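Subject: Structure handover

Hello,

Here is the structure you are taking over. Please open it first and keep it beside the notes that follow.

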Amino acid sequence: MKIPYCFALSLGVVFGLQLPDAAAARSLTVTVYIHDDLADMSDTQVRKDYFEHWLNEMRSFSQHPIELDLRRNVERITDIDYESIPASQILKTFEQEVYELPRYGVFSFMDKHLLLTRNPYDRSGLNYVGGLANFRYNTAISSVSAYGAPAHEIGHMLGATHEDAELKFNGWVCETYTYPNRVAARSNCYRYSDKNRAIIADYLKYNSK
């Protein structure tokens, strides 16, 4: 069974964005909002199972500083009733709430926000959507339906595409992070393809200044 991993949305023109000073390099900051339905999963487990391999991968091809911030119990965000609305609406709702947070500061393309949920979205029989991202922008949602799902959506926020993903062999056929259809018989490569690595590295270089 092939499962559509996610949909990446392209944004139109964005008005009124205040960019950081061109001379100041910024860390890539990924804020993960852990949904209330993952209360039984500790921060240590979340980090180990879903983000440690992504951090190792990023550090393997980039020296750019990365900050990972796990947050819980954020009213109107970690309690979103995501199972009752379409995936595209979840992302829109999440984005609106993030930008209304009291401590949200100056806009930067280096600040990424990910809502992490237990269950996938838009189930239809055996098919489901495992995540959704605003392509090359700042917001995404991801279920924990696959260990590589958060890295898949973060990759889209950093410019990585389905088209540049690939299958590799690491003792078994494996899928790189943004491979579009998750097949249970294949393993996870726990890395981006070489093309997507180059895209991400360029994104960090361009947007951190």
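A residue is called buried when its relative accessible area is under 20%, exposed when that area is over 50%, and partly exposed in between, with a 1.4 Å probe and protein chains only. The model is predicted, so local features need pLDDT of at least 70 and side-chain atom pairs count only at pLDDT 80 or more, while totals for chains, interfaces and linings use all residues. Residues are numbered from 1 along each chain as its sequence is written, and side-chain values use heavy atoms, with hydrogens and water left out.

Overall picture

The protein has 209 residues, of which 51% count as buried. Its secondary structure comes to four helices and 13 strands; helices (H or I, at least four residues) and strands (E, at least two) are DSSP runs, numbered from the N terminus. A contact is a case of heavy atoms within 4.5 Å. Among contacts with a separation of 6 or more, 69% are between residues 24 or more positions apart.

Helices

Two helix pairs involve α1. For these, axes are lines fitted to C-alpha atoms, for helices over the stretch in contact, and angles run from 0 to 180 degrees between N-to-C directions. Angles under 35 degrees count as roughly parallel, over 145 as roughly antiparallel, 65 to 115 as roughly perpendicular and the rest as oblique.

Helix α1 (residues 43-61) and helix α4 (residues 194-207) have axes that come within 10 Å and cross at roughly 80°. This makes α1 roughly perpendicular to α4. On the α1 side, the contact is made by Glu57, Met58, Ser60 and Phe61, which meet Arg197, Ile200, Ala201 and Leu204 in α4. By class, the residues of this contact are five nonpolar, one polar and two charged. Here Ala, Val, Leu, Ile, Met, Phe, Trp, Tyr, Cys and Pro count as nonpolar, Asp, Glu, Lys and Arg as charged, and the others, Gly among them, as polar.

The axes of α1 and helix α3 (residues 149-157) come within 8 Å and cross at roughly 45°. The two helices are therefore oblique to each other. Tyr50, Phe51 and Trp54 of α1 meet Pro150, Ala151 and Ile154 of α3. This contact of α1 with α3 has six nonpolar residues, no polar and no charged ones.

The expected span of a helix is 1.5 Å times one less than its number of residues. The twelve residues of α2 should therefore span 16 Å, and the end C-alpha atoms are 17 Å apart, which agrees. The buried residues of α2 are Ala87, Ile90, Leu91, Thr93, Phe94, Glu95, Glu97 and Val98.

Aromatic rings

Rings of Phe, Tyr and Trp (its six-membered ring) pair if their centres lie within 6.5 Å; planes under 30 degrees apart count as stacked, over 60 as edge-to-face and the rest as tilted. The structure holds seven aromatic pairs. In one of them, the ring centres of Phe107 and Phe109 are 5.0 Å apart and the planes stand at 90°, so the pair is edge-to-face. Ring pairs also link Phe107, Phe109 and Tyr137 into a cluster. Is Phe107 buried or exposed? With a relative accessible area of 8%, Phe107 is buried.

Single residues

Leu28 is found in strand β3 (residues 28-34) and counts as buried, at 0% relative accessibility. Leaving aside neighbours within four places in sequence, the contacts of Leu28 include Trp54, Met58, Leu158 and Leu204. Leu28 and Leu158 are 130 residues apart along the chain, yet their C-alpha atoms are separated by 9.9 Å.

Arg186 sits in the loop between β12 (181-183) and β13 (187-188). Its relative accessible area is 18%, so Arg186 is buried.

Asn73 lies in the loop between β4 (66-71) and α2 and is exposed, with a relative accessible area of 66%. Asn73 is not a glycine, but has a positive phi of about 55°. Arg136, in the loop between β8 (131-134) and β9 (139-143), also has a positive phi, near 55°. Arg136 is partly exposed, with a relative accessible area of 36%.

Regards
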